[in-house]
Every structure is written in structure tokens, then in C-alpha cells.
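Hi everyone, thanks for coming. Today I would like to walk you through one chain, step by step. Please have a look at it first.

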Amino acid sequence: MIYDVLIAPFVDFEFMRRALAGVVALALGGAPVGVFLMLRRMSLVGDAMAHAILPGAAVGFLFSGLNLFAMTFGGLIAGFSVALLAGLVSRVTEIKEDASLAAFYLVSLALGVTIVSMNGTNIDLLHVLFGNILAMDDQTLLVIAFNATITLLVMAVIYRPLVIECVDPVFLRTVSRAGAPAHLAFLALVVINLVNGFHALGTLLAVGLMVLPAGIARFWSRDITGMMVIAVASAMLSGYLGLVLSFQTKVPSGPAVILVAAALYVISVLFGRVSGLVRQLFPGRHLEA
């Protein structure tokens, strides 16, 4: 019974194995980025940028249909453009970056949906908004794996300035000029992993496997390295159980993955050893002299 439910789908069906490989790649690349989004209080910025890639992907769709490379390139261009424009507006005006991102996010979402709706079918629109991780082909999987590899390599290079900036940005500006380049590189990694998530989970859920695992990890560890490990593991577990749930029921694959991650988040809120509700209500005995 356990074999039939948890293992057999991945043994018997190639599309399930491909989807699982895609989830693993998304977890390896996106979850560490999500941890730094959370620590830098940019989680909602990530969500806004996830919607910002839609017009570029829609323009790629307009010229080439559901072509992987056209939509990927368009999404990257749109994501980078919105990030740079939002930063520029916040620096030359009194509007803060989160407000300018919110404005660009709304415009981007409306524009992208309009382009897809006018030049495609309802099925195309659903594919763009919600994705279909079970329909990934080998090319899509290779792109996701390549982007995840690039993310890990760049993260290794900028890890120290990112950590220091999370803890004490003033100190980083005092002792090094690496803060600004690291911030730009980090924003690039956010966009790259949002495009990854877009191909598997669609625009509306692309940020899910970045933010939710990071939130889960925050309730189980105070150490950044520990949080990254827990975030990756919880993202992989959410992907695996979500695919099983989708295969065994009628729940769509993308929402199933995010719903499992949300369930793990609720469990972490209740029972997490760092600020979990149960931990706060029933604290352990402290050492006594």
C-alpha cells in the first residue's frame, strides 16, 4: 500500500520522475534565495517580482507561442527591467522601493494577462498563470537545472557580503564595497529563480517554493546555514508530497505542492522549536543554579 502510493508513481511514469527532478532543482536554487529574501524582509518584493516577469513571458508567447526559450528570455528581461526601474524610481523620487514595485507589479500583471488573453486560449492563460509541472519536457528541466546550478555558484561567491548585510549593513558599507554588487547579483538570482518557478508553477505560484520553505526554516533554526538546509529539505519534501497528492487526487500539481508547503508551515508555526506557539506556551525548564 505504501509502495503503491509513495513510490510506484515515480517508478511507473516518466513524467512523474521528470517532475520530481524539476522540484529538486527548484528547491536547490530557490530555497536558499528565499531564506535571504526573508532575512532582508523582501518576501513580498519577491512576490511582486514574480508577477513582473509575466509581460516578458507574454511577449515571448505572442511571437513564439509556448516556446521555452522565448518565454524564458522575455521573463528575464521583464524581471530585470522592473527591478531596475523600481530601484531608479525609489532613488530619484520620494516613493519607496516597495511602493514602486507594487505599482509596477500591478501594471505588469494586467499587461501580461491582457497579452495572453488576446492572443491565446483560456488553456494558454491557465498554463501561464498556474503552470503545469507534470508537463515539463527535457528542455525545460535542463533550463531549470542550469539556472539552479548558476544560482548555487553565484550564491557561494556573494554569501559573505549577503550575510553581513543581513546582520549589519552599515558595517558592510564601512569595511567593503561589495554590498552594492552583491545586492544586484542577489536581485538577479531572484529573477532567475522566479523564471524557473514560472515554468513549473506558473506566475501566481512561482514564489511559493522560495518563500514558504524559508518561513518553515525560520521556526526550526537561528543559524543561517541551518535555515538554508532546512528550507531546501522542506521544499523538496513539499514537492514530493505535492506530486503524490496530485497523482492520487484531482488537485492540480502546482497548487498541490504549495498546499503541502503551507501545511508544513502551519506545523512549524505550532511546533517549531524557535518561537513556535507550543514552545512559547510550554517552555522547557531552564538550567537552575
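Let me begin with a definition: helices (H or I, at least four residues) and strands (E, at least two) are runs assigned by DSSP, numbered from the N terminus. Before we use it, please keep in mind that this is a predicted model, where local features need pLDDT of at least 70, side-chain atom pairs count only at pLDDT 80 or more, and totals for chains, interfaces and linings use all residues. Residues are numbered from 1 along each chain as its sequence is written, and side-chain values use heavy atoms, with hydrogens and water left out.

So, how many helices and strands does the chain have? There are 14 helices and 0 strands. Along the sequence, the pattern reads α-α-α-α-α-α-α-α-α-α-α-α-α-α. The radius of gyration is 20 Å, close to the 19 Å that the globule rule gives for 289 residues, so the chain is as compact as a globular protein of that length. That radius is taken over C-alpha atoms, and the globule rule is 2.2 Å times the number of residues to the power 0.38. Along the principal axes, the C-alpha atoms fill a box of roughly 70 × 60 × 30 Å.

Now to the inside. I will call a residue buried under 20% relative accessible area, exposed over 50%, and partly exposed in between (1.4 Å probe, protein chains only). Of the 289 residues, 47% count as buried. A contact, for us, means heavy atoms within 4.5 Å. Among contacts with a separation of 6 or more, 73% are between residues 24 or more positions apart.

What about the nonpolar core? The term means a set of buried Ala, Val, Leu, Ile, Met, Phe, Trp, Tyr and Cys residues joined through side-chain atoms within 4.5 Å. The largest one here has 73 residues. Which residues have the most contacts inside it? They are F36, M49, F186 and V190. Take F186: not counting residues up to four places away in sequence, F186 touches V33, F36, L37, R40, M42, I158 and L162. As general background, nonpolar side chains in soluble globular proteins tend to be buried together.

Two more places to look. In helix α1 (residues 2–12), A8, P9 and F10 are buried. The buried residues of α1 pack against α2 and α12 (224–248). Then there is I115, found in helix α6 (residues 97–119). I115 is buried, with a relative accessible area of 14%. Leaving aside neighbours within four places in sequence, I115 is in contact with P55, A58, V59 and L62. I115 and V59 are 56 residues apart in sequence, yet 7.2 Å apart in space, C-alpha to C-alpha.

On to the charged pairs. A salt bridge is a side-chain nitrogen of Lys or Arg within 4 Å of a carboxyl oxygen of Asp or Glu. By this rule the count is 3. In one of them, the side chains of R18 and E14 meet at 2.9 Å, N to O. Both residues lie in helix α2 (residues 14–39), 4 residues apart, about one turn of the helix. R18 also forms a salt bridge with D138, with the closest N and O atoms 3.0 Å apart. Here R18 lies in helix α2 and D138 in helix α8 (residues 138–167), so the pair ties together parts that are 120 residues apart in sequence. R40 forms a salt bridge with E165, the closest N and O atoms being 2.8 Å apart. This pair links distant parts of the chain: R40 is in the loop between α2 and α3 (43–52), and E165 is in helix α8, 125 residues away. Salt bridges that share partners join E14, R18 and D138 into one network.

Are these residues buried or exposed? R18 counts as buried because its relative accessibility is 15%. R40 is buried too, also at 15%. E14, at 48%, counts as partly exposed, and D138 is partly exposed at 47%.

Last, the outside. Accessible areas come from the Shrake-Rupley method with a 1.4 Å probe, and for residues only the protein chains shown count as cover. The chain's accessible surface comes to about 14700 Å², of which 69% belongs to carbon and sulfur atoms. Y265, V266, I267, L270, F271, L277, V278, L281 and F282 form a nonpolar patch on the surface, with about 850 Å² of accessible area together. Patches are made of residues with over 30% relative accessible area and no salt bridge; like charges are joined within 9 Å, nonpolar side chains (Val, Leu, Ile, Met, Phe, Trp, Tyr) within 5 Å. Where does the largest share of this patch come from? From α13, with 5 residues. F282 lies in the segment after α14, and F282 counts as exposed because its relative accessibility is 64%.
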